[in-house]
Amino acid sequence: MPVVLATARTFTLDGIFARPVRVEVDVHRGLPNFTIVGLPDAAVREARERVRAALVNCGFEFPLRRIVVNLAPASLRKAGPGMDLAIAAALLSASEQLRWEGLADAALVGELALDGATRPVYGALAMAEAARQGGAKAIVLPAENGAEAALVEGIEVVPVEGLGQLLGLAEGEWKPPRPEPLPLLPSVAADAPDLADLRGQPHLRHALEVAAAGGHSLLMIGPPGAGKSLAASRLPSILPPLAPAEALEVARIASACGRLGAGLPGGRPFRAPHHTISAAGLVGGGQPIRAGEITIAHRGVLFLDELCEFRRDALEALRAPLESGEVAIARVSGQRSLPCRFMLVAAANPCPCGRGEADPDCTCSPYEVQRYQGKLSGALADRIDVLAAVRQPSAADIGGAPGEASAAVRERVCAARERQEHRLGAGRCNGEMTPAEARGCPLSEGGAALLAELYSRQRLSGRAHDRALRLAQTLTDLAGLGEIGEEQMAQALQMRRRDHG
Amino acid sequence: MAEPDACLECLRRSWLLAALGPYVERIATGEAGSRSPELLRLSNEELVEVAAPKVAGQLLARVAALGEERLNQELLMADCWACCRHGDLYPAALRDAADAPWVLIGRGDPGLLDGLEPFGAVTIVGARRATSYGREIARELGRELARAGMVVVSGMAFGIDGCAHRGALDGGRTIAVLGCGPDVAYPASHRGLWRQICDQGLVLSELPPGASPWKWTFPARNRIMAALAGMTVVVEAAKRSGSLITMDLAADLGRDLGAVPGPVTSRASAGPNALLASGAHVIRDAQDVLDAMLGPGRRLERPDPVAALDPDLQAVLAAVEAGESTCDAVATVTGLPAASSAAALARLELLGYLTCSSLGTYSRTLVPSTSKASL
């Protein structure tokens, strides 16, 4: 029996990126043996058992020879079960049970069940895009992933339900129709929480609107039960809908994390990790690299409730990503850059017991309060643009009429964002303005005087100066004015976070 | 000017107290260590006999072996100086007290003690756990009294003490009396403040350089604070607070007592309110202190520009004065839209009428700024 070599193309997921992998199968005379080499992780190594069973159960013969599967490039770590289908196809081809000329031009991904049925994989969207870029003509993948891959134009998408269907494909007698691409979901789900639930609290509402309009980070401080979490969870409903390109970015990340639902997300992601989260969980990490909460919140909202309870190292890790909009994770195997342009919203109690120092029942010692507030004014606070002091709503507020609904607020927010995009370019907002851009904002005489007064009186840092300008510009955009007026500047100065106690 | 000068016997007393630290701690820490001022009336021999009978001989011998040169060397190394009760620099005010310290170890400007009369100094005391109201008042009292030429005495603790010092550093002169060596910054997080007082004011203690604080040393330093000033003002203190010990000591010396009134519902103001009920001077601002100490007539320079504000600002200011602290509450009370009340608050803060905490809550400052900016 001659030496037989067959190859197939597939992908492995690395963070949120699909990396091309070539499966090479060598079937050789010798003691029956089945080895997988090329830095496979445990799930890939277990493909041996799945592939063997699937082959046999689909009526193929499993060659009783010495089989070596190499996953190239050998230096890249391979993870997950998504390479089962490609290994099986290459093995069938090497043992001459599958004669398929198209195999060289196709990429195959999919996990195999023991009966040969395919199971969906994570990151199919990224893989389909990578396949097109890599020059593949078709991508064969589990039927469940078909709709998501069909979002990618310029490549044939072949959904299969089992290993056996490869035979039909090879002989050209069967070909499934191209699946319908995932539908775009409405930007606000019908059952999404509405801002109307927030009663009273005019200042908090205003702060939310301004933060949403300019993409500014927001910190709410107030006693428990005052409506901080409620307000934060309503934020996605007043944010502008995702642009098509942004929706695809969000979908790619969701797909890689196995979170893609029945449609292309139209609304913005909202993530509220628990405060016990580790730094790696928040910004991403691990081996292989997994996207963290900030990447899942890309183009959306990251809500940190009980900000002071978060681990300091986790909060510290947020600093650079907040500034640059992407998180760089270095590993021995190389550096990955994951996108993370999110809006930071945080909530905190005024002191550890939550009552606040003015309350006679507050039981916190001065040391506790000092330590607690030290966290608030620590590293992360430097990245907070808007500070909203929230108070307990009065009985009249709670029993009163519902507040303005999300739709109305959103209209104003969208109008303000449009002005910003017109000025700064597509997809950008005031919160991301560079210092040069911020200082270039048209400023009325009164506004400039106010800012200068504050600057000289409180010895503001340059950063705080620019932050006030950005905020004032957003207020101006919301008001639909051409230059920052005195009123807007005064409001911005009130809303800004203080640098000192 | 009188030079710092201390006799050997008095200096040895200071080192003896430091050596007795743990022993006195054992016998004096019943009711918050408040027995310590009484103990400190005793002579060296009596004190050692009461506090450490087993090692009495040893301790006395060790202290007696300390030579003048060695002690002066230690003072010099710690950048300190000393003045004893027989010296010219020793404040006359302290001589009133039966339990007056034998020696004062100082770090900073000895000129602050030179000719210091009781009516030239005000002691400000209060709780470590103070509210923003108390802190603001302490800061303003410290600043205005220092500006009026008073020496502001306090204990450099958290809360009221620290704020009084910070205010006073802004306006003039201040003395911190510590319960540890004057070269020891305690509490440690007040290191910056301690350094500033060393540079611009004076840090005093009856303990030698390097001495660590004990529970009993705080009531002991309180008696120095009470004796140094003609009036002791308590800003905020709970019912059973160390600050009230200072007030008792001041009362025993026949000094004036002042208390800053606070809400009757506030625990932090329970102490001063109770003192007011029993006849302490009502202290609303620095002027009240000056009136009580020096008699009416000495005026603080303070124009009243509130009337010149536009009506919206006045309404917002009135709301904050009535106790509203958040923007929402102000908007509700004044009926202004949230955006305008935010702008009004920002302007009032710029004008100096209000301060905003790092938590975003507003409070009224005591003294309006005299800025003539027309906002």
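Before going on, I jotted down the ground rules. This is a predicted model, where local features need pLDDT of at least 70, side-chain atom pairs count only at pLDDT 80 or more, and totals for chains, interfaces and linings use all residues. Residues are numbered from 1 along each chain as its sequence is written, while chains are lettered from A and ligands numbered from 1 in the order in which they are written.

Next, the overall picture. I found 21 helices and 18 strands in chain A; these are DSSP runs numbered from the N terminus, helices being H or I with at least four residues and strands E with at least two. The C-alpha trace spans about 90 × 45 × 45 Å along its principal axes.

Then I turned to where domain 1 of chain A meets domain 2 of chain A. I found 13 residues of domain 1 in contact with 16 residues of domain 2, contact being C-beta atoms, placed from the backbone, within 7 Å. On the domain 1 side, β1 (4-14) and α4 (124-133) of chain A are the elements giving two or more residues. The largest share, three residues, comes from α4(A).

Last, I checked the classes on that side: eight nonpolar, two polar and three charged residues. Nonpolar covers Ala, Val, Leu, Ile, Met, Phe, Trp, Tyr, Cys and Pro, charged covers Asp, Glu, Lys and Arg, and the others, Gly among them, are polar.

Conventions. Two residues are in contact if their C-beta atoms, placed from the backbone, lie within 7 Å.
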